[in-house]
Amino acid sequence: MHARHLTCGVVGLTLAFVPAAMAQNGNNKPPKGSAITLAADPTAIVFSGAATLSGRVSGPSASGVTIRLEEDTTSPYGDSYKPSTATAKTDNGGKYSLAVRPLLNTWYRAVAQTSPSVTSAPKLVMVRMRVGIKLSDPTPARGTRVTFSGSVYPAHDGRSALIQKRSTTGRYVTIARTTLRDAGDVRSSYSRRVLVRDGVYRVKVTGDADHINGFSRARTINVAS
C-alpha cells in the first residue's frame, strides 16, 4: 500500500515585480517596486524532518509584511499552487523565516502581502525516504547468515530494499535485495537473511516521483574467527 500523500514543497531566486500604476515623484521618476526572495535550508530532508524557508522583501514598505506560503505537490509542477497554513512577518530589515515539514517532494513559493502583492521564484524541498536497519548479529560466526530488517517511511509496499556492502573504493555494491511488505498505512517493512563477510553495510530504497532515494545508517559487521 502506497503512503497517503500529505502536503508540503520549492527553488529560490529573486524576482521583482513593478506595479502597473506607479505614482510619480517630484522628479517624475517612478518609485521602485517591491520584490521577494526565497531560499530553503536544507533542500533535501529525511521524511518527518523540517526545512527552513527564508528570504527578504525589498521595496518601499518591507518591514511588518505578512508572508503567505503556497505549495505544489502535483506533477507537472508549477501549475497547481495552493495556500499552505504557514505564514510569517518580515522584521525591520524585511527578512522572514519559517519552518515546513513536507511529507513528499514539494515546490514552495512565498507571496508578500504588499500593495500590490509580489511572489518569489519557486523553491523545491525534496523528501528522502526514512530507512531503518537492524542486524540480528553484528558479530556472527563465520559461515552463518545475518538478518537485515527494518521499517521504511512512508509506506512503499512492493518496492525493493537493496542490501549493500561498501567496497574498497568506497562505493556501495548491492549484494541482496528483498521486497517491502505492508506494515500499515504509514510504513513498510523488510527482512532478509544474508551470508556476510567483514565490512560496512547499509540498506537503500530507490526513490520515486514523490520521494528521493532513502538510505539507512551504515552498520559494521565483524565476522568472528
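The stops below proceed from the whole chain to single residues.

**The whole chain**

Begin with the entire protein, shown as a cartoon; the model is a predicted one. The cartoon contains 21 strands and zero helices. Next, display the surface, whose accessible area comes to about 12,000 Å². Carbon and sulfur atoms account for 49% of that surface. Of the 225 residues, 40% count as buried.

**The largest nonpolar core**

Select Ile 36, Leu 53, Ile 67 and Leu 69 and show their side chains. These residues have the most contacts inside the largest nonpolar core, which has 23 residues. Several strands each supply at least two residues of this core: β5 (51–58), β6 (66–72), β7 (82–89), β8 (95–100), β9 (106–112) and β11 (123–128).

**Ile 67**

Return to Ile 67, which is found in strand β6. Is Ile 67 buried or exposed? Its relative accessible area is 0%; buried means under 20%, so Ile 67 is buried. Now show the residues around it. Leaving out residues up to four places away in sequence, Ile 67 touches several others, including Ile 36, Val 57, Tyr 96 and Ala 112. Select Ala 112 together with Ile 67: the two are 45 residues apart in sequence, yet their C-alpha atoms are 4.7 Å apart in space.

**Strand β19**

Select residues 199–205, which form strand β19. How many of its seven residues are buried? The count is seven of seven.

- β15 (residues 160–166) pairs with β19 in the antiparallel sense over five bridges; here Lys 165 has Tyr 201 as its bridge partner.
- β21 pairs with β19, also antiparallel, over three bridges; Tyr 201 stands opposite Arg 219 in this strand.
- β20 runs antiparallel to β19 and is joined to it by two bridges; Gly 214 of β20 stands opposite Val 205.

**The aromatic pair**

The structure holds one aromatic pair. The ring centres of Phe 148 and Tyr 201 are 5.7 Å apart and their planes meet at 55 degrees, so the pair is tilted. Phe 148 belongs to strand β14 (residues 145–153) and Tyr 201 to β19, so that distant parts of the chain, 53 residues apart, are linked by the pair. Both Phe 148 and Tyr 201 are buried.

**Ser 216**

Finally, select Ser 216, in the loop between β20 (214–215) and β21 (219–221). Ser 216 has a relative accessible area of 8% and is buried. Which residues is Ser 216 in contact with, leaving aside its neighbours within four places in sequence? They are Val 131, Gly 132, Ile 133, Arg 202 and Val 203. Select Val 203 as well and inspect its backbone nitrogen, which lies 2.8 Å from a polar atom of the side chain of Ser 216.

Definitions and conventions
Residues are numbered from 1 along each chain as its sequence is written. This is a predicted model: local features need pLDDT of at least 70, side-chain atom pairs count only at pLDDT 80 or more; totals for chains, interfaces and linings use all residues. Side-chain values use heavy atoms; hydrogens and water are left out. Helices (H or I, at least four residues) and strands (E, at least two) are DSSP runs, numbered from the N terminus. Buried means under 20% relative accessible area, exposed over 50%, partly exposed in between (1.4 Å probe, protein chains only). A polar contact is a pair of N or O atoms within 3.5 Å; within protein, one must be able to donate a hydrogen and the other to accept it, and residues adjacent in sequence count only if both atoms are side-chain atoms. Contact means heavy atoms within 4.5 Å. A nonpolar core is a set of buried Ala, Val, Leu, Ile, Met, Phe, Trp, Tyr and Cys residues joined through side-chain atoms within 4.5 Å. Accessible areas come from the Shrake-Rupley method with a 1.4 Å probe; for residues, only the protein chains shown count as cover. Two strands pair if DSSP finds at least two bridges between them. Rings of Phe, Tyr and Trp (its six-membered ring) pair if their centres lie within 6.5 Å; planes under 30 degrees apart count as stacked, over 60 as edge-to-face and the rest as tilted.
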